[in-house]
Amino acid sequence: MSSTTIGTKNTNTESKGNLVVIGNGMVGHHFVERAIEQGLHEQFEIHVFAEEDRPAYDRVYLSSYFEHKDASKLNLVDLTTYDSSKIQLHLNQRVVEIDSINQSITTQAGEKIEYSELVLATGSYPFVPPIPGREHPHCHVYRTIADLDEILAIAELPKVKKGVVVGGGLLGLEAAKALVTLGLDTYVVEFAPQLMGVQLDAAGGEILKRKIEALGVTVLTGKNTQDIVSNTDSADSDANYLTMQFTDGSSLDTDMIVFSAGIRPQDGIIKNNPECGITMGARGGILIDEQCRTNAEHVYAIGECAVWNNQVFGLVAPGYSMASICAAQIAGNQEQRFTGADMSTKLKLMGVDVGSIGDAHGAADNSLSYLYQNPAEGIYKKLVTTANNKRLLGAVLVGDTEDYNNLLQLYLNDIDLPAHPESLILPNVEKPMMGIDNLPDTATICSCYNVSKGAICSAVANGAYSISDIKTVTSAGTGCGGCAPMVKDTVSYQLKTLGFEVNNDLCEHFAYSRQDLYSLIRVHGIKTFDELLTEHGRGHGCEICKPTVASILASCWNDYVLKPELTPLQDSNDYYLGNIQKDGTYSVVPRVPGGEITADKLIVLGQVAKEFNLYTKITGGQRVDLFGARMEQLPDIWTQLVQAGFETGHAYGKSLRTVKSCIGNNWCRYGVDDSIGLALRLEDRYKGVRSPHKIKMGVSGCMRECAEAQSKDFGMIATENGWNLFVCGNGGITPRHAELFATDLDTETLVRYIDRIIMFYIKTADKLQRTSKWRESLEGGLEYLQAVIIEDSLGIAEELEAQMELLIENYVCEWAETINDTEKLKRFRHFVNSEQGDDNVVFVTERDQIRPATDAEKSAIQVVELA
Amino acid sequence: MKQHTICRLNDIIPDTGVCALIEGKQIAIFRTKKNDLFALDNYDPFSQANVLSRGLIGGTMIVNETGTDEEVLYVASPIYKQRFNLATGQCLDDGNVTLAAYHVALNNDTVMLQNF
Ligand code: SRM
Ligand SMILES: Cc1cc2nc3c(=O)[nH]c(=O)nc-3n(C[C@H](O)[C@H](O)[C@H](O)COP(=O)(O)OP(=O)(O)OC[C@H]3O[C@@H](n4cnc5c(N)ncnc54)[C@H](O)[C@@H]3O)c2cc1C
Ligand code: SF4
Ligand code: FES
């Protein structure tokens, strides 16, 4: 392939000569950005030589290429910036020689160019063990987009069914995941007795192995490959392409092999030209000092090709630090030094959380190890501390990395450990968390961009008050994103320190929190938005305060939500009593309490769906969703449903959704109580109660828990002596198991407790806060909630119950009310001045049902109509 | 340039919108609490659905050219919540997007689209 040069010659320099960069990988590119920042492009003519045929891309996310196959998604280089800064990027031009005496380099094409400053950023290459047969075209490495293209091409051959990754380290497992994604029967072959030997100890490696095997990957540890035999000449056409023979006499057939057995610094230019005089490390790599200088004058090395203090850093963050330091050096600022990097890592490997901090193996003399192991859930955690158990030296986390950030801060900042270090990794105990205030200013909050607590705090002090400002100013949180929660806490902490009140205002129209507005509305008996706005707000209102206030008004008085003065407040779903879909049509979800439904009612659902040509699906909440209803069809659909005895299911409202139930003791041989009976009673009682967020319940007839009650806001499980009540569970984005709130309750007490908890939640929760987040925000935790609800420690129990009674009394089925009101029905037309429907709503048929047409399908359909 | 009769003022609940079909085009007409009227395209370019008449109307303070505070009224799309200035059609969340805005007025009790 021929080489290309992008960018124009820089004629405006102060003519300090050429600044030459070899390698346009992640670190080489980062260097160019820092160089521009330092104004080096105005002093030097910058030349970047790249061996690959494309500008730098994000190797860290390389594997995502198998999902989107779009190289541009990985691109890191904004060519217009290179161009406007007069950077000349020479793609596909490997540098083959350095002459450090005459200060010049020579490219593969024979071109020679002189340099004033030279930066080596040649990265590393995958190590392939010298096994005979490894040259077979089905043997590959995993480093560049070109490698991935070749792997893809092989995987797509019809006969290729099976793939082996040699190497069970971090990258090997990532490659294995990729082979799984490609649909191959995947094996991992590791020479060492365990997976991820660098980061994990033996026990952690074993748990990881089991978890990965559960995902269908076969892991062979302690296997040394002796030979790779090609079977292409075999008479049997079904045979696999390759056979791997191991030293223990066993063998493994496969169709392709990906080597991921570690990396080696790319030091070829120096190794092949010893006369260049640049010193290499004992085990390869280019030796550098704290200023990233090699022993040759004006020659620097950064990134994975560099060796500092006998170490190669195979992560991008230390490479970025070197790039910044090197750019500063060349610009004449010699203060910054590279003093090593922390190699702790947290990542998800094939869906398994893995974290490793510091001395994971407990190698330090006299160190102590604390272990926690939960084989049922596949969780393993280990702490390594100093002999006096005062300092954390390292940690291993497999299966659960929630404690990672906390532990990393303790480790990096040498903070005294609490009295019982094991409490840091034990589940279900109040953990001593590292508050931001306890961290020193030097504590690294974002390791991707090496941003300290101090840097974030001073950015806040200089006016970057929002997370997005902080991202722009410091880059914190813009890499892997793992530090986002800590960045947010740091900003809040600093705002508080600076004397700002951390703003809990609902929006620009109300300088009150949701809780404050709730009290105002209750205490002053406010019934409309405008009343509240005039008395306690300003301006017009917006899409945040209007639905919030609508919800509070409904939680207090339960008036019909489509009263004229309430209509304009409703969120789009409440506005038409249905969930709006992507094409502007609506879904229809009738209530099916407890999931129990008669044959007649099922038939009605079928008939309605058929008559109006709706898509039907059983929901995750034990009922039926009818999709694709045009707004103007909703009244007719609901008229039929209401006639058949259905009520609205409030799938659109922030209110009770479903009470999921198992079949219970009427039928089930294990059932100890009537779960359906309780579910019906609860669904009937709380239907239509508007709350800060949706509420879901579940009732199981025995502890086998078929209704998954413990994942709901309220879960009831029958016992021999009554009901166990679990509260504040959640599925969704952040699942949380419900906690056991009270045991063996009789039904009346149970209902009373739920009444109280729901009203207390409505009274005190923030907007759009599910019960799980609310419960976590309650100071005093579960015990506090139990005290308020069971012991009535605030003396409000009676009031809460009375408020709930009022809501229950005022319940109306919103659809039954709406279809009987001709004024209301006027709104259910697409056009105010025509009976037509929206011609942009177009369906196609898939699996015998409708679905919205895609744009391409729509234009195809239109073409047919025109023709 | 033609005038079009759309509906009676009372056909629009204050602080909400309706959609009108004018010469085959879908126009969202909004009535504010103060009975001011606005008209924009009904097509939401972000969701590619004809839904803007069903959005919530909101207001936000901006500093105008003369340096004084002014409340801009907008409609928030019911699908992905992008906001559009009712008077100009300018999207407040993406400077590159502007909807067509139309002139709409009240003639006695009748809502009229003008200069269409
Ligand atoms: C239809 C259904 C999926 C299905 O086909 O099974 C569904 C569909 C929607 N879900 Fe769901 N969810 C459905 C069961 C669930 C479940 C399972 C369950 O309830 O057991 C969950 C996890 C359990 C939980 O909520 O704790 C679930 C977690 C969510 C979430 C995340 C909530 C969270 O706290 O993280 C959202 C987003 C939100 O509410 O903000 C959501 C939001 C939505 C919305 C309303 C999104 C939207 O605004 O358009 C979907 C439209 C529904 C419609 O048009 O009718 N849906 N959704 C299920 C309806 C159940 C029902 O009968 O009402
Ligand atoms: C699959 C995968 C996943 C990874 N995941 C992570 C992760 O999660 N976190 C993390 O921190 N790191 C990760 N890494 C490592 C990270 O990608 C590297 O640390 C980073 O790319 C190093 O940057 P570099 O510029 O030093 O080297 P490279 O990105 O390798 O760039 C070096 C460039 O120099 C070129 N070059 C070499 N010799 C010459 C020459 N003589 N002339 C011209 N050009 C030359 C090469 O072709 C290459 O393009 C991952 C790596 C891989 C492969
Ligand atoms: S939870 Fe118990 S009663 Fe209910 S179906 Fe399962 S086994 Fe039967
Ligand atoms: S730690 Fe990765 S973005 Fe901050």
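**Close-up views of a predicted model**

**View 1. Aromatic cluster in chain A.** A:Tyr575, A:Tyr576, A:Tyr586, A:Trp638, A:Trp815 and A:Phe828 are joined into a cluster by ring pairs (rings of Phe, Tyr and Trp, the latter by its six-membered ring, with centres within 6.5 Å; planes under 30 degrees apart are stacked, over 60 edge-to-face, the rest tilted). This is a predicted model, in which local features need pLDDT of at least 70, side-chain atom pairs count only at pLDDT 80 or more, and totals for chains, interfaces and linings use all residues. Residues are numbered from 1 along each chain as its sequence is written, chains are lettered from A in the order in which they are written, and side-chain values use heavy atoms, without hydrogens and water.

**View 2. The pair A:Trp308 and A:Phe338.** Over all chains, 16 aromatic pairs are counted. The ring centres of A:Trp308 and A:Phe338 lie 5.5 Å apart with planes at 90°, so this pair is edge-to-face. Both residues are buried (under 20% relative accessible area; exposed is over 50%, partly exposed in between; 1.4 Å probe, protein chains only).

**View 3. The pair A:Phe760 and A:Tyr784.** This aromatic pair is tilted, at 6.5 Å centre to centre and 50° between the planes. A:Phe760 is buried, with a relative accessible area of 3%, whereas A:Tyr784 is partly exposed at 29%.

**View 4. Charges over rings.** The charged end of A:Arg264 sits over the ring of A:Phe127, 4.0 Å from its centre (NZ of Lys or CZ of Arg within 6 Å of the ring centre and within 35 degrees of the ring normal). In chain B, B:Arg83 lies over the face of B:Tyr74, at 5.2 Å from the ring centre.
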